[in-house]
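Thanks, everyone, for making the time. I would like to walk through one structure with you, so please have the sequence and the 3D view open while I talk.

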Amino acid sequence: MNNNTEIKKKSFFRGLTGQILIAMFLGATLGIILHNYISHDAAVEFSNKIKMLATIFIRLVQMIISPLVFTTLVVGIAKLGDIKTVGRIGGKALAWFFTASFISLLIGLFYINILQPGVGLKLDHVDMSAASEVTAKTQSLSFENFIAHIVPKSIFEAMATNEILQIVIFSIFFGLAAASLGTSVKPVINALDKMSHIVLKMVNYVMNFAPIGVFGAIAGVFAVRDAEELLITYFKFFGSFLIGISTLWVVLIVVGYIFLKGRMTELLRRITGPVAIAFGTTSSEAVFPKLTEELEEFGVKDKIVSFMLPLGYSFNLDGSMMYMTFASIFIAQFYGVHLDIGTQMVMLLVLMLTSKGIAGVPRASLVVVAATCGMFDIPIEGIAIILPIDHFCDMFRSATNVLGNALATSVVGKWEDGKEMNFDAVDSNN
């Protein structure tokens, strides 16, 4: 028994998840030591350089996202066979996404009103100029721009800029056209299928760099930020946020057990690595290829994974959604702007729509929050109030986005192809 336990411990720390957790601990330790013992200017210089490790890792992932989305989605749609099947799965996906988004927004709305972390809060030396980078992006955020932005002007431009939603649109048309031509295009589909397997093999190589990237990201943050002081200053805000995000996790996991039953435990085990990477790098995009691989190994058919995940990364950001209502009303509370429940519900619906147009935008949640504040006469510069703590919030919401998309893909996979996933066989053993 002791030997088995020892073997499990060794395999855990040799595995990707164990290595990432060790990297996070070492990065935080190094960052805190340097923050306390070197000058601020030296710490900033160190942070800029060490963060290059995270930048390189994320860029390595980004270079394979476009070919992976295109090849897997086209092959998946060609295997689905017709527009009716694509429409059925797409309808189920969007129904799930909008329901999950609405529940996430409601959770944020509930806790910000119950706990009221912004009421009576006094913050000195808030750097309002720090918000200018975010608020500048709100000018292009509108429903009209979102609709125009969905359709790519060029597939090559969309791939070059990793516009996942645009790649999805092109791939759907390409896949449907290929399916309609029948057996004559099989060589093309087979070639794309082989290409997707090559890209997934590249994922394994890239993921070996994940612990180093996480180490650089964590060390860089802790070197320039006094985490203890920040968490004390923002104790009520951050604590309230953690309560809200924890509630969302509980809801998602309970829903997972309702639909997936005993297999939810296996899903949670499989996505531990991707969740840890998203948490450490604050980028759910960084785990897209690895999550694709894990979900296929979990038993979701490749045609479902290749269709659901790209859509999910554009429409199903549960952690970000919860944060948006929370942060928007927090700023209103800080400035003493009263919003009645009716107005808050309108804000929730606005967030529901506007948040769908900013997938892939840096600090996307903050851009939406700033735009929403402007619509409801809340000072947009209030973004500067939450900027100092936003990185730590982003760690949790990125991890939550990964959980939400893994769950959505698995559940729709069961609805569509439950027998081939052997859910019934597994459930009977539990």
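This is a predicted model: local features need pLDDT of at least 70, side-chain atom pairs count only at pLDDT 80 or more; totals for chains, interfaces and linings use all residues.

Residues are numbered from 1 along each chain as its sequence is written, and side-chain values use heavy atoms, with hydrogens and water left out.

Helix H8 itself covers residues 164-180, and its 17 residues reach 24 Å from first C-alpha to last, close to the 24 Å expected at 1.5 Å a residue. Helices here are DSSP runs of H or I with at least four residues, strands are runs of E with at least two, and both are numbered from the N terminus; the expected span is 1.5 Å times one less than the number of residues. Several residues of H8 are buried, among them Ile164, Leu165, Ser171 and Gly175, where buried means under 20% relative accessible area, exposed means over 50%, and partly exposed lies in between, with a 1.4 Å probe and protein chains only.

Glutamine 116 sits in the loop between helix H4 (83-115) and helix H5 (132-135), and lysine 261 in the loop between helix H12 (235-260) and helix H13 (263-270). Glutamine 116 counts as partly exposed, at 36% relative accessibility, and lysine 261 is also partly exposed, at 42%.

Stepping back to the whole chain, there are 21 helices and zero strands, and buried residues make up 51% of the 430 residues. Of the contacts between residues at least 6 apart in sequence, 86% join residues at least 24 apart, a contact being heavy atoms within 4.5 Å.

Where does the kink in H3 lie? It is at isoleucine 65, shortly before proline 67, and amounts to about 30°, with the bend taken as the angle between axes fitted to the seven residues ending at a residue and the seven starting there. Helix H3 runs over residues 40-80, and its 41 residues reach 57 Å from the first C-alpha to the last, close to the 60 Å expected. Isoleucine 65 is buried, at a relative accessible area of 0%, and, leaving out residues up to four places away in sequence, it touches Asn162, Ile164, Glu285, Phe288 and Pro289. The C-alpha atoms of isoleucine 65 and proline 289 are separated by 6.7 Å, although these residues are 224 apart along the chain.

Serine 104, in helix H4, is likewise buried at 0%, and beyond its neighbours within four places in sequence it is in contact with Leu248, Asp318, Met321 and Met322.

Now to the aromatic residues. A search of the whole structure finds 18 aromatic pairs, meaning rings of Phe, Tyr or Trp (its six-membered ring) with centres within 6.5 Å, called stacked if the planes are under 30 degrees apart, edge-to-face if over 60, and tilted otherwise. One of them joins phenylalanine 279 and phenylalanine 396 edge-to-face, at 5.1 Å centre to centre with 85° between the planes. Because phenylalanine 279 lies in helix H14 (residues 272-281) and phenylalanine 396 in helix H20 (residues 383-417), the pair ties together parts that are 117 residues apart in sequence. Both belong to a cluster linked by ring pairs, which includes Tyr234, Phe237 and Tyr323.

Which ring does the charged end of arginine 397 sit over? That ring is tyrosine 323, whose centre is 4.1 Å away, the criterion being NZ of Lys or CZ of Arg within 6 Å of the ring centre and within 35 degrees of the ring normal. Arginine 263 in turn lies over the face of phenylalanine 298, also at 4.1 Å from the ring centre.

Finally, the cysteines: with a disulfide defined as a pair of cysteine sulfur atoms within 2.5 Å, the count comes to zero. Cysteine 373 is buried, with a relative accessible area of 0%, and cysteine 393 counts as buried at 0% as well.
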